[in-house]
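Visitor: I am new to reading protein models, and I would like to be guided slowly through this one. Could we begin with what lies inside?

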Amino acid sequence: MQTLAQVLKASNAPAALQDVLTTTTNTCIDICEALHKGSLAGILGVAGNENVQGEEQKKLDVISNDMLKSDLMNCPAVRAVASEEEDDIVPANTDGEYLIAFDPLDGSSNIDINAMVGTIFSIYHDQSTQPATEADFLKPGSEQAAAGYVLYGPSCMLVLSTGEGVNMFTLDPEKGEFVETQTGIAVAKDTQEFAINMSNQRFWSSNMQSYVEDLVAGKEGPREKNFNMRWVAAMVGDVHRILCRGGIFMYPWDSKDPSKPGKLRLMYEANPMAMLVEQSGGKAHTHTQRILDIQPEGIHQRVPVILGAANEVDKCLSY
Ligand code: FBP
């Protein structure tokens, strides 16, 4: 079994991109070790501040963000970083040629219950002689040079695409390295498993309500087959399940806060997951368009998300 370093060396990924990926994944190994210490290291609970999204920050949101930010800013190939926990982009090395946007700890509401969380990242190639600005980041997801996540679960796993399919790696704690454990991930076109936060049902559009009602109606309903439901409350966990055994994941528009087109963030949640799902033969859409075609308007922009098994996403969109 090959290590991540060997896989990257053998890939078509430019050396500078390999540096960004190696720096990111090495920092995630450190985050994994911190997570394992949990309350022994006094790192559970809240940090006492709110982030730019108005969300209460967990101590580990801040710790993981600071670890990634400092390591990436010391990586010469990095021109700038953007993070869920940073109000604005953070310029790094002007002569760097990659921009990276990340969610340092996705699913942070799971931290204090010792459930699955993850780090999600999205990387773009971008060269200029000027210091980076937010505008430099606002490229459609289809231009991502690489995307991935590290899942902190029973084992620590890296799932990565550089545009040539999706591979999975498992952390070998003894070696402190990611080792390739699965290649050529493919998501089945059809499924009988869906993921959505059902407690939001009354706030969904009538179309989305009808679609989910028909899933729940099962064999006796118009879909004439039973569907199972799962909800990890961490997108990284729900998407990982879909890459492993298929399914559809939805965080649709809801009227809870009409000013927000969705809950999930385009640049460091929806775009990287859309690249992984599409590279695995699935689909990733909002209610109206392919996520990777969206022209971003801001680094913390929110979008509705419907992704997973291609035929099931089409079925949902048909409603
Ligand atoms: P953050 O934890 O990074 O803010 O991410 C948002 C998120 O936790 C997703 O990972 C997850 O899919 C969703 O929110 C869960 O939402 P809800 O609390 O409504 O179930």
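Visitor: Which residues have the most contacts inside the largest nonpolar core?

Guide: Please keep in mind throughout that this is a predicted model. Its largest nonpolar core has 44 residues, and those with the most contacts inside this core are Tyr149, Leu243, Phe249, Met273, Val305 and Leu307. Helix H7, which covers residues 266-279, gives the most to this core, with eight residues. The core also draws at least three residues from each of domain 1 (4-182) and domain 2 (193-318).

Visitor: What is Tyr149 in contact with, leaving aside its neighbours within four places in sequence?

Guide: Contact here means heavy atoms within 4.5 Å. With those sequence neighbours left aside, Tyr149 is in contact with Thr119, Ile120, Phe121, Met157, Leu158, Val159, Val236, Val239, His240, Leu243, Met273 and Leu276. There is also a second, separate core of 41 residues, which includes Leu72, Val78, Tyr152 and Leu171.

Visitor: How many residues of domain 1 are in contact with domain 2?

Guide: The domain assignment of the chain gives domain 1 (4-182) and domain 2 (193-318), and 49 residues of domain 1 are in contact with 31 residues of domain 2. The centres of domain 1 and domain 2, taken over C-alpha atoms, are separated by 23 Å.

Visitor: How should I read burial, and is Thr24 buried or exposed?

Guide: A residue is called buried when its relative accessible area is under 20%, and exposed when that value is over 50%. Thr24, which lies in helix H2 (residues 15-37), counts as buried because its relative accessibility is 1%. Leaving aside neighbours within four places in sequence, Thr24 is in contact with Leu68, Leu72, Ile100 and Phe121. Leu72 is also one of the residues of the second core.

Visitor: Where is Trp204, and what does Trp204 touch?

Guide: Trp204 is placed in the loop between strand S11 (193-195) and helix H5 (206-217). At 4% relative accessibility, Trp204 therefore counts as buried. Not counting residues up to four places away in sequence, Trp204 touches Ile196, Asn197, Met198, Gln209, Val212, Pro252, Trp253 and Asp254. The C-alpha atoms of Trp204 and Glu177 are separated by 43 Å, although these residues are 27 places apart along the chain.

Visitor: How many residues of helix H6 are buried?

Guide: H6 is mostly covered, with nine of its 11 residues buried, and these are Met235, Val236, Gly237, Asp238, Val239, His240, Arg241, Ile242 and Leu243. After H6 comes Gly246, whose phi is positive, near 85°.

Visitor: Which residues other than glycine have a positive phi?

Guide: As a general idea, most residues other than glycine have a negative phi. Asn114 has a positive phi near 55°, and its place is in the loop between S5 and strand S6 (117-125). Because its relative accessibility is 75%, Asn114 counts as exposed. Glu224 also has a positive phi, of about 50°, and is found in the loop between H5 and strand S12 (228-229). At 62% relative accessibility, Glu224 likewise counts as exposed.

Visitor: How much space lies in the largest pocket, and what lines this pocket?

Guide: About 430 Å³ of space lies in the largest pocket. Of the 25 residues that line this pocket, the closest to its centre are Gly107, Ser108, Ser109, Ala233 and Lys263. The lining divides into eight nonpolar, five polar and 12 charged residues. Strand S5 (98-106) supplies the largest share, three residues, and helix H6 (235-245) is one of the elements that each supply at least two. Each of domain 1 and domain 2 provides at least three residues of the lining.

Visitor: What is the lining of the second largest pocket made of?

Guide: The second largest pocket holds about 300 Å³ of space. Its lining has 13 residues, of which Leu35, His36, Ile111, Asn114 and Ala115 are the closest to the centre. These lining residues divide into eight nonpolar, five polar and no charged.

Technical notes: Residues are numbered from 1 along each chain as its sequence is written. This is a predicted model: local features need pLDDT of at least 70, side-chain atom pairs count only at pLDDT 80 or more; totals for chains, interfaces and linings use all residues. Side-chain values use heavy atoms; hydrogens and water are left out. On a 1 Å grid over the protein atoms alone, a cavity is a set of points where a 1.4 Å probe fits but cannot get out, and a pocket is an open set with protein on both sides within 12 Å along at least five of seven lines; lining residues have an atom within 4 Å of a point. Grid points are joined across faces, edges and corners, and a volume is the space filled by probe spheres set on the points. Helices (H or I, at least four residues) and strands (E, at least two) are DSSP runs, numbered from the N terminus. Ala, Val, Leu, Ile, Met, Phe, Trp, Tyr, Cys and Pro count as nonpolar, Asp, Glu, Lys and Arg as charged, and the others, Gly among them, as polar. Domain bounds come from an automatic or database domain assignment. A nonpolar core is a set of buried Ala, Val, Leu, Ile, Met, Phe, Trp, Tyr and Cys residues joined through side-chain atoms within 4.5 Å. Buried means under 20% relative accessible area, exposed over 50%, partly exposed in between (1.4 Å probe, protein chains only).
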